[in-house]
Amino acid sequence: MARVRTEEKRDEIVRIAAELFERHGFERCSMAALSERLGGSKATLYGYFASKEDLLRAVLDCEVANDADHMLRDFPASDDLRQSLILLGTAYLNKRMSPIPVANIRMVASQPACSTMGKDFYQNIIRPNFGRLATKFEELMDHGKLKRADPCVVLMHWKGLNAWDFFEQRLLGAIDGPDPAKVKRAVTLAADAVLKLYGVDERATHVKTKKTAAARAAAV
């Protein structure tokens, strides 16, 4: 009898694999150990994922997408764009320096030079989620909250202004995690710089709108 695959079972496999990969490392986790933890057979595991590499891709996709969902759901947090940018930057840095993303990068970076996993990870997981944030910036432009510009360029300016060298320090073990005071300083300076580059003078926009409305009324 053919085994019935379910989304719930797939999600469980991905969740357990994420825990084991983080705890023991990708290389030290075998499909046999994963199937034992799941209480099933290797055949069941291979019925969902053709290889351990495919399972790692699913783990990375799930974790990055979930992180992006949480950050984008709350952005912008209010009509105060500066504060919204500060909150977004804080969420981004805190998540980027947390154990799971660091472990994920280490796992991908440790693959052989001939592996396509790193390229796949960037092109199919990281870049599309950055694209979602670029869309958010474009929506702010559409609503007159930011100057019209290439949203992907705005995104990369925002990312670079927030990043500093925190991730490099975290990845190399120079720090154990985010320092709240340093993160606050970085994201506040980044928000101010982004608004200096791309922010609009809302008072001037309001005056222009009133003048346009008055001109239209006079022409009637």
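Biologist: In this predicted model, why is Ser84 called buried?

Modeller: Ser84 has a relative accessibility of 2%, and because buried means under 20% relative accessible area, Ser84 counts as buried.

Biologist: Where is Ser84 found, and which residues is Ser84 in contact with, leaving aside its neighbours within four places in sequence?

Modeller: Ser84 belongs to helix 5, which covers residues 81-96, and, once the neighbours within four places in sequence are set aside, Ser84 is in contact with Phe75, Pro76, Ala77 and Ser78.

Biologist: How many aromatic pairs does a search of the whole structure find, and what makes the pair of Trp164 and Phe166 stacked?

Modeller: The search finds five aromatic pairs. Trp164 and Phe166 form a pair with 5.6 Å centre to centre and 15° between the planes; since ring centres must lie within 6.5 Å to pair and planes under 30 degrees apart count as stacked, this pair is stacked.

Biologist: Which residues do ring pairs link into a cluster?

Modeller: The cluster linked by ring pairs consists of Phe75, Tyr92, Phe137 and Trp158.

Biologist: What lies over the ring of Phe26, and what lies over the face of Phe167?

Modeller: Over the ring of Phe26 sits the charged end of Lys52, 4.4 Å from its centre, while Arg96 lies over the face of Phe167, at 3.8 Å from the ring centre.

Note on methods: Residues numbered from 1 in each chain as written. Predicted model: local features only at pLDDT ≥ 70, side-chain atom pairs only at ≥ 80, totals over all residues. Heavy atoms only, no water. Helix = DSSP H or I, 4+ residues; strand = E, 2+ residues; numbered from the N terminus. Buried < 20%, exposed > 50% of the residue type's maximum accessible area, 1.4 Å probe, protein only. Contact = heavy atoms within 4.5 Å. Phe/Tyr/Trp six-rings, centres within 6.5 Å; stacked < 30°, edge-to-face > 60°. Lys NZ or Arg CZ within 6 Å of the ring centre and 35° of its normal.
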